[in-house]
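Trainee: I have a model open and want to learn how to read it. Where do we begin?
Mentor: With the coordinates in view.

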Amino acid sequence: MNTWVAWARGPFLYLAFSVLVVGAVRQWVLAIGELARAHRMAGDQRVPWRWMFKKSLGWIVPVNALRGTRIPFTIASAVFHAGMLLVPLFLAGHVALIEQGIGIGWPTLPAAAADALTLAALAGLGVLLLYRLLERAARFLSGPQDYLLLALCITAFLTGYLVAHPEASPLPFTVIYLGHLLSAELILVLIPFSKLAHALLFASTRIVWELGWHFVPGGGEKVRAALGKAGEPV
Amino acid sequence: MENRRLFLFKGVMWILAGLAAAVAIVRFSLGLGVSTALSDSTPWGLWIGFDVMGGVALAAGGFVMAAVVHIFHRERYHAAARPAILTAFLGYGAVAVGLLFDLGLPWNIWHATIYWNVRSALFEVAWCVMLYLTVLALEVTPTILERTPFQKTYRFFVKLALPIMILGIMLSTLHQSSLGTMLLIMPFRVHPLWYSHLLPELFFVSAICLGIVMVMVESTVTSWLYRREPEMEMLAGLARLASIALACYFVMKSADLLLQGKLATVFDGTWLANLFILEMLLSTVIPMVGFAFPAVRRSFRGMWFLACCSVAGFVLDRINASGLSQVWATRRFYFPEWTEFAISLGIVAACVLVFFFIQERFPVDPHGLEAVEAERKARATALPAFAPFAQVWLGEGWRKSAKVYSFLFVLALAVGLTAAPKAEPVVDTRAVRAVGANILRIGPGPRYVYFDHKKHQDEAGGRKSCALCHHLHQKGDVGTPCVVCHENLFLPTSVFNHDAHVSALAGNDSCAKCHGKGEPIRVTPTKKCSECHDKDMMAANPVVKTFASKWAPSYKDAMHTMCIPCHEEKAKDVTLKLPNLGRCGACHNGGTESEKAYTAEFPAGTTAGARS
């Protein structure tokens with residue numbers, strides 16, 4: 001078991017970060033191609049930066065969605081994302097490991113805050129899973145990938161909490177530790193190659209999405225022709 | 001219908017390229033010592049043998065086909081000329097790139113253009129590569145321009161083609177043979193079976209053979225990959241040509257061995273001799289005999305197999321000549337690290353991918369363009385493709401290729417980065433030691449002693465005194481071990497090599513040149529060394545005085561009087577942390593029972609070898 005932990009802390013970790021870094025670079029290079037394509041295919045090539053920025057901010061901080069129809073989902077998603085961003089990056093233990101490895105450190109979260117965020121993220125994940133299972137439309141749209149990613153996030157947070165509180169753990173520490181390492185590494189590996197890529201491609205997706213609504217050059221004419229009203233004023 | 005065969009093949013090429021990219025990062029950031037099995041005694045390994053020597057030879061198809069088609073006007077082989085020239089261009093590009101990996105100071109690769117050393121064999125090699133690469137670029141240009149709007153430029157290059165081709169053939173002739181010349185200057189390193197005064201000519205003829213069989217391999221493999229009818233008539237003609245060329249090579253090689261009296265060495269059963277037999281069988285004998293049969297020349301598989309066999313044999317020949325056959329002289333074990341294989345394969349893979357890229361866009365030969373056209377037609381009715389797990393639309397055409405192949409590339413890159421060695425860079429090389437680091441290797445094993453090279457050099461009379469210790473008659477550029485002169489443990493030894501002098505001064509008639517005519521042969525009336533060797537051997541102020549009188553002190557005296565004072569002095573230096581350096585056990589640290597009996601009361605605690 002200790003050999004497995006040594007592997008998970010050594011080569012596997014190195015591999016996970018290598019895959020994450022080179023995979024992210026690949027996604028960004030491909031994203032440049034997609035941006036150029038979207039720009040070329042749009043009839044109206046102006047990008048409304050201000051409006052788009054505002055709109056994107058609205059998605060990141062979903063205040064408006066709190067008046068919508070899926071309020072528990074909105075809250076759970078926001079809470080989970082806050083935990084997912086803050087805990088892995090600012091947990092004291094993680095930062096200490098990174099400082100040991102590459103010699104760079106940064107301020108950390110207090111342990112109590114990290115615990116609270118972890119539990120909140122777990123609760124958020126539970127709500128997301130329930131939503132996916134119970135809501136009709138979500139269930140039909142979900143594939144194996146969606147459940148796998150949810151399960152991985154739940155495992156990573158749960159084992160992470162138990163690593164920090166070994167007294168509450170029903171399993172031996174090594175098992176929990178190994179589970180935490182492997183699930184987290186799998187998440188890192190999957191970031192560039194799955195739906196988790198939205199973490200890398202958020203900005204470019206917003207721009208492509210915005211340009212994608214614009215008609216292709218001459219698109220209006222084609223629609224009119226398809227409707228049998230070619231040459232008529234709109 | 002999509003061409004799955006081509007798709008998988010390209011995928012494998014991208015994976016190899018990804019691995020090589022990872023190793024390249026490690027090699028250029030941490031250096032050769034960390035990333036390869038190369039060492040000072042084996043500085044030429046797989047990379048020189050395969051990437052440079054093999055790469056140049058594999059690119060020989062370019063000049064052979066240019067000569068066959070454009071000089072001898074054998075129009076039957078016209079279809080093979082453009083792919084062969086493109087391959088030669090990419091091959092030479094690969095040689096240049098491969099050389100960058102192998103040079104200790106790759107950023108100095110341009111030095112040959114400015115700092116001319118006209119007596120160096122490598123000077124000729126470097127200039128031939130540069131000029132021929134330029135010529136090949138000019139030869140490839142018409143292919144690229146043919147279907148572009150730049151028709152005026154295209155016609156200009158077509159007019160230029162013939163003189164350029166002739167220049168290219170000339171340069172190739174020079175260059176293929178000058179690689180042999182390079183080995184010609186190391187008679188002590190290259191094994192007798194590979195060493196010959198005919199090396200340049202043998203290299204040239206074998207390059208012609210390899211050029212022909214390489215064109216066959218290329219033609220068969222592309223028609224298999226693109227699922228095209230093979231050009232059997234052309235292949236059969238090439239096979240006949242290859243058979244004749246291989247026979248010429250075989251006759252040359254055997255006659256050379258016979259006249260040098262080395263034929264018996266071929267069958268002496270050592271593993272190098274067996275390697276030589278294997279190489280000759282693969283490269284020459286089997287294909288030569290095989291291609292002579294008309295039945296083989298009618299069979300696609302037969303020709304493919306024999307051509308591959310011959311290519312493998314000739315590549316093995318280049319690796320043997322430039323690397324393996326020298327291990328015989330240096331007696332150092334060398335087997336390439338996986339990183340070396342990764343770079344070699346990765347460079348080949350990159351070349352293959354560039355070849356496909358150009359072939360599918362420009363009129364190199366009809367296969368590529370037709371394949372692209374067929375795919376475009378098929379795409380109109382094809383269902384959209386999705387990535388298996390991510391469920392993302394892959395796009396069409398080059399977008400799909402970019403997504404799939406870049407995925408394979410980055411995965412291989414990440415795996416390679418993880419697996420690549422990540423040690424501290426090696427700085428303790430012989431070159432470093434010679435220019436200032438104070439370490440000397442003693443004996444064949446990994447034992448080192450503190451040794452101030454610069455001080456010795458200064459005291460012995462500067463740069464001219466090298467021969468005092470680094471005797472020029474030592475084989476394989478080995479530094480002289482102490483015991484060569486201090487031969488006897490207790491008695492002084494004469495260091496005068498009488499036999500060598502007799503043979504150098506024309507045998508038995510030469511006695512009088514040193515001993516005088518009609519006088520008894522004794523020490524006193526004989527000439528002093530300095531009467532002949534006033535410049536080449538004697539330093540102005542030699543540190544080892546006994547050398548001048550032809551007597552070396554006994555090993556014990558030499559070691560005890562030369563080493564002990566310095567050892568004792570260094571033992572007092574607390575910064576070295578070697579307090580026991582002055583004790584007997586520092587050097588007598590193991591060995592025989594009698595040695596242990598003498599040194600037991602002075603245990604070393606730490607040895608001189610600990611500083612390696």
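Mentor: Start with contact: two residues are in contact if their C-beta atoms, placed from the backbone, lie within 7 Å. Keep in mind that this is a predicted model.

Trainee: Leaving aside its neighbours within four places in sequence, which residues is B:Ile212 in contact with?
Mentor: B:Val64, B:Leu238, B:Leu241, B:Ala242 and B:Ala245.

Trainee: Which residues of the largest nonpolar core touch the most other members?
Mentor: The general idea comes before the case. In soluble globular proteins, nonpolar side chains tend to be buried together. Here the largest nonpolar core has 145 residues, and B:Met65, B:Cys209 and B:Ile212 touch the most other members. Helix H9 (residues 199–225) of chain B supplies the largest share of this core, 15 residues.

Trainee: What does chain B look like overall?
Mentor: Chain B has 26 helices and four strands. It has 612 residues, of which 33% count as buried. Take its contacts between residues at least 6 apart in sequence: 71% join residues at least 24 apart.

Trainee: How do I check a helix by its length?
Mentor: Compare its end-to-end span with 1.5 Å a residue. Helix H6 (residues 111–134) of chain A has 24 residues and reaches 34 Å from its first C-alpha to its last, close to the 34 Å expected. H2(A) has 31 residues and reaches 44 Å, close to the 45 Å expected. For helix H12 (residues 271–292) of chain B, 22 residues should span 32 Å; the end C-alpha atoms are 30 Å apart, which agrees.

Trainee: Where is the kink in H12(B) centred?
Mentor: On B:Leu281, with an angle of about 45 degrees. The buried residues of H12(B) include B:Met280 and B:Leu282.

Trainee: How do I read the buried side of a helix?
Mentor: An α-helix has 3.6 residues a turn, so residues three or four places apart point the same way. Now list the buried residues of H6(A): A:Ala114, A:Leu117, A:Thr118, A:Ala121, A:Gly124, A:Leu125 and A:Leu128. They pack against helix H4 (71–90) and helix H8 (144–164) of chain A.

Trainee: What do the buried residues of H2(A) pack against?
Mentor: Helix H9 (173–190) and helix H10 (198–212) of chain A, together with helix H17 (397–419) of chain B. Among the buried residues of H2(A) are A:Val19, A:Val22 and A:Arg26.

Trainee: How many residues does each chain bring to the contact between A and B?
Mentor: Chain A brings 13 residues and chain B twelve. Helix H2 (residues 11–41) gives the most to the chain A side, with nine residues. By class, that side has seven nonpolar, five polar and one charged residues.

Trainee: How should I read phi?
Mentor: Most residues other than glycine have a negative phi. B:His73 has a positive phi, near 55 degrees. B:His73 sits in the loop between helix H4 (61–71) and helix H5 (78–102) of chain B. B:Arg227 also has a positive phi, near 55 degrees. Its place is in the loop between H9 and helix H10 (232–259) of chain B.

Trainee: Why does B:His73 count as exposed?
Mentor: Because B:His73 has 8 C-beta neighbours inside 10 Å, and 12 or fewer makes a residue exposed. B:Arg227 has 13 other C-beta atoms within 10 Å, so B:Arg227 is partly exposed.

Trainee: Where is A:Trp4 found?
Mentor: In helix H1 (residues 2–9) of chain A. A:Trp4 is partly exposed, with 15 other C-beta atoms within 10 Å. A:Trp4 and A:His180 are 176 residues apart in sequence and 12 Å apart in space, C-alpha to C-alpha.

Methods: Residues are numbered from 1 along each chain as its sequence is written. Chains are lettered from A and ligands numbered from 1 in the order in which they are written. This is a predicted model: local features need pLDDT of at least 70, side-chain atom pairs count only at pLDDT 80 or more; totals for chains, interfaces and linings use all residues. Helices (H or I, at least four residues) and strands (E, at least two) are DSSP runs, numbered from the N terminus. A residue is buried if 20 or more other C-beta atoms lie within 10 Å of its own, exposed if 12 or fewer, and partly exposed in between; C-beta atoms are placed from the backbone. The expected span of a helix is 1.5 Å times one less than its number of residues. The bend at a residue is the angle between axes fitted to the seven residues ending there and the seven starting there. A nonpolar core is a set of buried Ala, Val, Leu, Ile, Met, Phe, Trp, Tyr and Cys residues joined through C-beta atoms within 7 Å. Ala, Val, Leu, Ile, Met, Phe, Trp, Tyr, Cys and Pro count as nonpolar, Asp, Glu, Lys and Arg as charged, and the others, Gly among them, as polar.
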